[in-house]
Amino acid sequence: MLGPGGHETRACGSRCRACAALRAAAPLAVAQQGIEHVTLEDLAQAARIRASDAHVHAHGDVTGVLGAAYLESAGALQRGFIWSWRCAPTPRDGLRSAVAWLLTTLAEDPIRALFCYVEIVKGGRPLVRLREQVRQGSVAIWTAQYREMVPDSWLPPSHFELVNSATISLIATRAAQGRTHELRAMSDAVLALIEPDEALSVSGLSLVS
């Protein structure tokens with residue numbers, strides 16, 4: 001759990017059920033209240049634990065819980081992306097598999113998409129810093145996985161910054177508008193950004209509308 005001010009604390013072990021319940025409840029509570037207004041009492045209610053217990057485990061700091069929940073959820077998305085890429089029969093199949101996995105996962109979990117891609121940036125400086133940390137990690141994943149697939153790639157690191165930003169925009173726009181179901185059909189739009197010279201049709205698809 002993160003403690004006051006978003007700093008890590010070791011008061012509870014990694015298997016603490018109360019802390020895990022609060023983290024798991026965070027996306028739903030944020031979807032219902034908005035990240036600027038969600039309280040520990042809201043998290044406790046969503047987690048079905050006593051508010052007094054929530055305050056003890058969170059050290060009275062809702063930002064710590066939200067930060068821990070975000071890192072847990074975003075980390076799971078990054079690990080799943082890498083796993084999908086590496087488990088495919090070829091690196092190029094892996095690229096398609098990883099992109100499809102990410103978009104399908106978020107299409108099926110609009111609350112998670114809203115939490116990780118829309119609400120987190122509204123949560124104040126500690127959460128914005130965590131989001132930037134995750135963003136940089138995602139860029140590194142795009143870059144490393146692609147260069148493993150194309151060792152002599154001419155694409156500069158800035159290219160993958162743009163790919164990551166466009167993918168975030170694609171997801172965030174649809175999550176904010178309640179249109180995450182559309183993400184299933186957006187794989188080719190992302191793939192066309194990654195490999196601009198490939199003949200990947202994106203006819204009729206828009207990244208931000």
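Me: On a 1 Å grid over the protein atoms alone, a cavity is a set of points where a 1.4 Å probe fits but cannot get out, and its lining residues have an atom within 4 Å of a point. Which residues lie nearest the centre of the largest cavity?

Reply: This is a predicted model, where local features need pLDDT of at least 70, side-chain atom pairs count only at pLDDT 80 or more, and totals for chains, interfaces and linings use all residues. Residues are numbered from 1 along each chain as its sequence is written, and side-chain values use heavy atoms, leaving out hydrogens and water. The lining of the largest cavity consists of 20 residues, and those nearest its centre are Tyr 117, Val 134, Ser 138, Asn 164 and Ile 168.

Me: How many cavities of 30 Å³ or more are there, and what is the volume of the largest?

Reply: The count of cavities of 30 Å³ or more comes to one. Volume here is the space filled by probe spheres set on the points, which are joined across faces, edges and corners. For the largest cavity that gives about 310 Å³.

Me: Which helix gives the most to the lining of the largest cavity?

Reply: Helices are DSSP runs (H or I, at least four residues) numbered from the N terminus. At least two lining residues come from each of H4, H6 (110-117), H7 and H8. With six residues, the one that gives the most is H7.

Me: How many of the residues lining the largest cavity are charged?

Reply: Asp, Glu, Lys and Arg count as charged, while Ala, Val, Leu, Ile, Met, Phe, Trp, Tyr, Cys and Pro count as nonpolar and the others as polar. The lining of the largest cavity has 14 nonpolar residues and four polar ones. The number of charged residues there is two.

Me: Let's step back to the whole chain. What percentage of its residues count as buried?

Reply: The chain has nine helices and zero strands, and along the sequence its pattern reads α-α-α-α-α-α-α-α-α. Relative accessible area under 20% is buried, over 50% exposed, and in between partly exposed (1.4 Å probe, protein chains only). Of the chain's 209 residues, the buried share is 48%.

Me: How many aromatic pairs are there, and which helices does the pair of Phe 81 and Trp 142 tie together?

Reply: Rings of Phe, Tyr and Trp (its six-membered ring) pair if their centres lie within 6.5 Å, with planes under 30 degrees apart stacked, over 60 edge-to-face and the rest tilted. The structure holds three such pairs, and the one between Phe 81 and Trp 142 is edge-to-face, at 5.0 Å centre to centre with 65° between the planes. Both of these residues are buried. Their positions are 61 residues apart in sequence, so the pair ties together H4 (residues 62-87) and H7 (residues 125-149).

Me: What angle separates the ring planes of Tyr 146 and Phe 160?

Reply: Tyr 146 lies in H7 and Phe 160 in H8 (residues 157-176), so this pair ties together parts 14 residues apart in sequence. Both Tyr 146 and Phe 160 are buried. Their pair is tilted, with 5.5 Å centre to centre and a plane angle of 50°.

Me: With which side chain does the side chain of Arg 174 make a polar contact?

Reply: Arg 174 lies in helix H8 and is buried, at a relative accessible area of 2%. A polar contact needs N or O atoms within 3.5 Å, one able to donate a hydrogen and the other to accept it; residues adjacent in sequence count only if both atoms are side-chain atoms. At 3.3 Å, the partner side chain of Arg 174 is that of Glu 182.

Me: Which cysteine has the sulfur nearest to that of Cys 19?

Reply: Counting cysteine sulfur atoms within 2.5 Å as a disulfide, the total is zero. Cys 19 is buried, with a relative accessible area of 1%. At 3.6 Å, its nearest cysteine sulfur belongs to Cys 16.

Me: Is Arg 48 buried or exposed?

Reply: Arg 48 sits in the loop between H2 (40-47) and H3 (51-58). Although not a glycine, Arg 48 has a positive phi of about 60°. Most residues other than glycine have a negative phi. With 79% relative accessibility, Arg 48 counts as exposed.

Terms used
1 Å grid on protein atoms, 1.4 Å probe; cavity = no way out; pocket = protein on both sides within 12 Å on 5 of 7 lines; lining within 4 Å.
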